[in-house]
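Subject: Structure handover

Hello,

Please find the structure below, with notes on what was found in it. Keep it open while you read.

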Amino acid sequence: MTAAHLTTPARRTVLRRRIRLLVAATITYNVIEAVAAITAGTLASSAALVGFGLDSVVEVASAAAVAWQFSAADHERRERTALRVIAVSFFALAAYVTFDAVRTLLGVGEAEHSTPGLILAALSLVIMPFLSHAQRRAGRELGSASAVADSKQTLLCTYLSGVLLVGLALNSLFGWSWADPVAALVIAAVAVKEGCEAWRGDACCAVPAGPLEPADGRAPGCSCCSAPGE
């Protein structure tokens, strides 16, 4: 496939449709994930699990912003607004999770074992990478910074699933209740980083492929949007 083909109107139409479908799938899954995680986290007094559920809410807000952007024929005009919504969502998540984790570390409540939480974290660890990878590729080809940023939010969910799984497992196996809020603080730190990048519009890989650029739409030497193994 040539770089010129990637920038044809027909190809751009296909990419916009693909992004809308991926966003719809992301919203559907994350609504289910949010309800399950927040419910299980509340029952187990787990700051990390509740934080993970709130991350799912943030992901819904982020994906909804991208869906709103691509509902317009001229989606580029809505790019900056969509990026700002994504960034604010990240910051809101980080603020709440930090507050709840610190409160737990100070002795206000102690996380209990949560089998539903373990299952949910493992399930997300399998599903989210596929959604993120597909949207990131489409966003790069189309040159959409917001689509790439949203795919990074989805990828963040994958990393957080791993962190959450470790935190819940340590608490369940060894009774290390402190592992849960520490895992939550890791979630908050990553959320702040991604929020800052979204606010600045950092998406160096989201450039339309052209005669002087590789066919995958990635600028020479670009790695900021790359996932491990790419």
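A helix here is a DSSP run of at least four residues, and helices are numbered from the N terminus. By that rule alanine 40 is found in helix α2. Please note that this is a predicted model.

Overall make-up

The protein has seven helices and zero strands. Read from the N terminus, its elements run α-α-α-α-α-α-α. Of its 230 residues, 48% count as buried. Among contacts with a separation of 6 or more, 77% are between residues 24 or more positions apart.

Helix α2 and what follows it

Helix α2 covers residues 9-44. Its 36 residues should span 52 Å at 1.5 Å a residue, and the C-alpha atoms at its ends are 51 Å apart, which agrees. After α2 comes serine 45, whose phi is positive, near 55 degrees.

Back to alanine 40: is this residue buried or exposed? The cut-off for buried is under 20% relative accessible area. Alanine 40 has 11% relative accessibility, so alanine 40 counts as buried. Leaving out residues up to four places away in sequence, alanine 40 touches Leu49, Ser114, Pro116 and Gly117. The C-alpha atoms of alanine 40 and valine 50 are separated by 7.8 Å, and the two residues are 10 residues apart along the chain.

How α2 packs on α6

Two packed helices are described by the angle between their axes and the distance between the axes. For α2 and helix α6 (residues 145-174), the angle is about 30 degrees and the axes are 12 Å apart. Their crossing is left-handed. On the α2 side, the contact is made by Ile19, Val23, Thr26, Asn30 and Glu33. On the α6 side, Ala147, Asp150, Thr154 and Cys157 take part. Sorted by class, the contact has four nonpolar, three polar and two charged residues.

One of these residues, threonine 154 of helix α6, can be looked at by itself. Its relative accessible area is 0%, so threonine 154 is buried. Not counting residues up to four places away in sequence, threonine 154 touches Thr26, Glu59, Met128, Leu131 and Ser132.

Salt bridges

Side chains of opposite charge can pair when their charged atoms come close. How many salt bridges does the structure hold? There are two salt bridges.

In one of them, the side chains of arginine 11 and glutamate 141 meet, at 2.6 Å from N to O. This pair links distant parts of the chain, with arginine 11 in helix α2 and glutamate 141 in helix α5 (residues 115-142), 130 residues apart. Both arginine 11 and glutamate 141 are buried.

The other salt bridge joins the side chains of lysine 193 and glutamate 197, at 3.0 Å from N to O. An α-helix has 3.6 residues a turn, so residues three or four places apart point the same way. Lysine 193 and glutamate 197 are four residues apart in helix α7 (residues 179-200), so about one helical turn separates them. Lysine 193 counts as partly exposed because its relative accessibility is 45%. Glutamate 197, at 16% relative accessibility, counts as buried.

Regards

Methods
Residues are numbered from 1 along each chain as its sequence is written. This is a predicted model: local features need pLDDT of at least 70, side-chain atom pairs count only at pLDDT 80 or more; totals for chains, interfaces and linings use all residues. Side-chain values use heavy atoms; hydrogens and water are left out. A salt bridge is a side-chain nitrogen of Lys or Arg within 4 Å of a carboxyl oxygen of Asp or Glu. Helices (H or I, at least four residues) and strands (E, at least two) are DSSP runs, numbered from the N terminus. Buried means under 20% relative accessible area, exposed over 50%, partly exposed in between (1.4 Å probe, protein chains only). Axes are lines fitted to C-alpha atoms, for helices over the stretch in contact, and angles run from 0 to 180 degrees between N-to-C directions. A crossing is left-handed if the near helix is turned anticlockwise from the far one by less than a right angle, and right-handed if clockwise. Contact means heavy atoms within 4.5 Å. Ala, Val, Leu, Ile, Met, Phe, Trp, Tyr, Cys and Pro count as nonpolar, Asp, Glu, Lys and Arg as charged, and the others, Gly among them, as polar. The expected span of a helix is 1.5 Å times one less than its number of residues.
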